[in-house]
Amino acid sequence: MKLYNYQKKIVEFCKKEPKAILAVGMGLGKTASLLHYINESKPKSCIIVAPKFVANHVWKQECIKWNLHELHDKLVICWHYNKKKRLEIIREAYESGKYLIVTRDNVGDISDMNLEFDLLVMDELTSYKNHESGRSRSIYKINAKQRIGLTGTFITNSAIDIYGQLVAVGFGNSK
């Protein structure tokens, strides 16, 4: 399978921007575009934060669909263990150059570990609308050189909903 031109533009855009919000309609290939970007840019460290279902059933499966088998083997899903085991898996994956996939509910585990990532991907960026929630405060603390947020539904009730998402990507101040 080949990327569409607009998906190729997403890949090129991500190569240039350290902070990005990809507000692309549902089903139009945000995940595929990001996987190709990750595969091409080969960051030393990467963390993908996603809803549980997406973390468990989308990212690795999309690698297979797009013949990104080497990238598939680098992805480690670590949300379905107790906290001690998760922290162990996170540390081992990070130190061995694997890429982490965690759920939004476990993002606090990462933020407390003082790890530095080349790339942080926030799948379903609208999860960070409430800038005062524990989830948002945890995502703000993750140290990453590049922050990319994905959403297919960048619709909000008010401007304040956009604020949390902008801060999660690195635009603005979390304090």
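In this predicted model, Tyr94 is partly exposed, with a relative accessibility of 23%. Its ring pairs with that of Phe117: the centres are 5.3 Å apart and the planes stand at 75°, so the pair is edge-to-face. Tyr94 belongs to helix H6 (residues 83-95) and Phe117 to strand E5 (residues 116-123), and the pair thus links distant parts of the chain, 23 residues apart. Phe117 is buried, because its relative accessible area of 1% falls under the 20% limit.

Two aromatic pairs are found in the structure. The other is made by Tyr4 and Tyr6, whose ring centres lie 5.9 Å apart with the planes at 5°, so this pair is stacked. A pair of aromatic rings is described by the distance of the centres and the angle of the planes. Tyr4 is placed in the segment before helix H1 (5-16). Tyr4 is exposed, with 56% relative accessible area, whereas Tyr6 is partly exposed at 35%. Together with Leu28, Tyr4 and Tyr6 form a nonpolar patch on the surface, and the accessible area of these residues together is about 320 Å².

The buried residues of H6 are Arg86, Ile89, Ile90 and Ala93. Around the axis these residues cover an arc of only 100°, so they lie on the same side of H6. Lys84 and Glu95, both exposed, are on the face of H6 turned away from the buried side.

Arg86, one of the buried residues of H6, also takes part in a salt bridge with Asp109, with an N to O distance of 2.6 Å between the side chains. Since Arg86 lies in helix H6 and Asp109 in helix H7, the contact ties together parts that are 23 residues apart in sequence. Both partners are buried: Arg86 has a relative accessibility of 10%, and Asp109 has a relative accessible area of 7%.

In the whole structure, nine salt bridges are found. One of them joins Glu40 and Lys15, with the closest N and O atoms 2.7 Å apart. This pair links distant parts of the chain, as Glu40 is in helix H2 (residues 30-41) and Lys15 in helix H1, 25 residues apart. Glu40 is partly exposed, with a relative accessible area of 45%, and Lys15 is likewise partly exposed, at 43% relative accessibility. A network of salt bridges links Glu12, Lys15 and Glu40.

A further salt bridge is formed by the side chains of Asp105 and Lys52, at 3.9 Å from N to O. Asp105 is located in the loop between strand E4 (99-103) and helix H7 (107-111), and Lys52 in helix H3 (residues 52-57), so the pair ties together parts that are 53 residues apart in sequence. Asp105 counts as exposed, because its relative accessibility of 52% is over the 50% limit. Lys52 is partly exposed, with a relative accessible area of 41%.

Note on methods
Residues numbered from 1 in each chain as written. Predicted model: local features only at pLDDT ≥ 70, side-chain atom pairs only at ≥ 80, totals over all residues. Heavy atoms only, no water. Patch = residues over 30% accessible without salt bridge, like charges linked within 9 Å, V, L, I, M, F, W, Y side chains within 5 Å. Areas by Shrake-Rupley, 256 points an atom, 1.4 Å probe, with all protein chains shown as cover. Salt bridge = Lys/Arg side-chain N within 4 Å of Asp/Glu carboxyl O. Helix = DSSP H or I, 4+ residues; strand = E, 2+ residues; numbered from the N terminus. Buried < 20%, exposed > 50% of the residue type's maximum accessible area, 1.4 Å probe, protein only. Phe/Tyr/Trp six-rings, centres within 6.5 Å; stacked < 30°, edge-to-face > 60°. Arc of directions from axis to C-beta.
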